[in-house]
Amino acid sequence: MIDHITIAVSDLERSKLFYERAFEPLGYRLSFGKEGVFWAFDVGGSLFEIQHTDDKPPLTRVHVAFRVRSRAEVEAFYQAALEAGARDNGAPGPRPEYEENYYACFVLDPDEYNIEAMLKEPAPQG
């Protein structure tokens, strides 16, 4: 399942107003964000995010995050992607700066798009 997709925009405030109006008939609403950086819209259980970027890593023009079922799947995706030719953009690990219990990895695909495998659940005990 896709957890969130992020696209780069040239004018963050103009795009925010556009998507607020365009999404209104669909029932999609602004969820959260940070003025001048990004905005996230709840699109029915997933997030559609817009961000202003200057194309310097780790941000890219397109970012897709796949929600997985376990930390082992995050790690397996990371290894398989690297073996398939991806470049590292963030090894598997906790990302408490995003959310508590957020665990993810990031790779750059052959076109330099930032692809993420992630989940939000507490670390296994024991």
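## Contacts and overall fold

Among contacts between residues at least 6 apart in sequence, 50% join residues at least 24 apart in the chain. The model in which these contacts are found is a predicted one. The chain contains 2 helices and 8 strands, and their order along the sequence is β-α-β-β-β-β-α-β-β-β.

For 126 residues, a compact globule would have a radius of gyration near 14 Å, and the chain, at 15 Å, agrees with that expectation. The C-alpha trace spans about 45 × 30 × 25 Å along its principal axes.

## Surface and burial

The accessible surface of the chain is about 7700 Å². Carbon and sulfur atoms account for 54% of that surface. Of the 126 residues in the chain, 37% are buried.

## The largest pocket

Rolling a probe the size of a water molecule over the atoms shows where empty space is left. The largest pocket has a volume of about 670 Å³. Its lining consists of 26 residues, of which H4, T6, F38, E49 and Y98 are the closest to the pocket centre. The elements that give two or more residues to this lining are strand 1 (2-9), strand 4 (47-52), strand 5 (62-67), strand 7 (102-108) and strand 8 (114-120).

Which strand provides the largest share of the lining of the largest pocket? Strand 4 does, with 4 residues. By residue class, the lining of the largest pocket divides into 9 nonpolar, 10 polar and 7 charged residues.

When residues up to four places away in sequence are not counted, R71 touches Y103, L119, E121, P122, A123 and P124. The C-alpha atoms of R71 and A104 are 8.0 Å apart in space, while the two residues are 33 apart in sequence.

E75 is also found in helix 2. Leaving aside neighbours within four places in sequence, E75 is in contact with P92 and Y103. A separation of 30 residues in sequence lies between E75 and C105, and their C-alpha atoms are 7.5 Å apart.

P94 is found in strand 6, which covers residues 87-94. At 54% relative accessibility, P94 counts as exposed, because the value is over 50%. Not counting residues up to four places away in sequence, P94 touches Y102 and Y103. P94 and C105 are 11 residues apart in sequence, with a C-alpha to C-alpha distance of 8.9 Å.

The loop between strand 6 and strand 7 holds N101. Most residues other than glycine have a negative phi. N101, although not a glycine, has a positive phi of about 70°. At 31% relative accessibility, N101 counts as partly exposed.

## F41 in strand 3

Is F41 buried or exposed? F41, which lies in strand 3 (residues 38-42), is buried, because its relative accessible area of 0% is under the 20% limit. Without residues up to four places away in sequence, the contacts of F41 are K16, Y19, E20, F23, R29, L30, S31, S46, L47, F48 and I50. Among them, L47, F48 and I50 lie within the range of strand 4 (47-52).

F41 and R69 are 28 residues apart in sequence, and their C-alpha atoms are 23 Å apart in space.

Conventions: Residues numbered from 1 in each chain as written. Predicted model: local features only at pLDDT ≥ 70, side-chain atom pairs only at ≥ 80, totals over all residues. Heavy atoms only, no water. 1 Å grid on protein atoms, 1.4 Å probe; cavity = no way out; pocket = protein on both sides within 12 Å on 5 of 7 lines; lining within 4 Å. Points joined across faces, edges and corners; volume = space filled by probe spheres on them. Nonpolar A, V, L, I, M, F, W, Y, C, P; charged D, E, K, R; others polar. Rg over C-alpha atoms; globule rule 2.2 N^0.38 Å. Buried < 20%, exposed > 50% of the residue type's maximum accessible area, 1.4 Å probe, protein only. Contact = heavy atoms within 4.5 Å. Areas by Shrake-Rupley, 256 points an atom, 1.4 Å probe, with all protein chains shown as cover.
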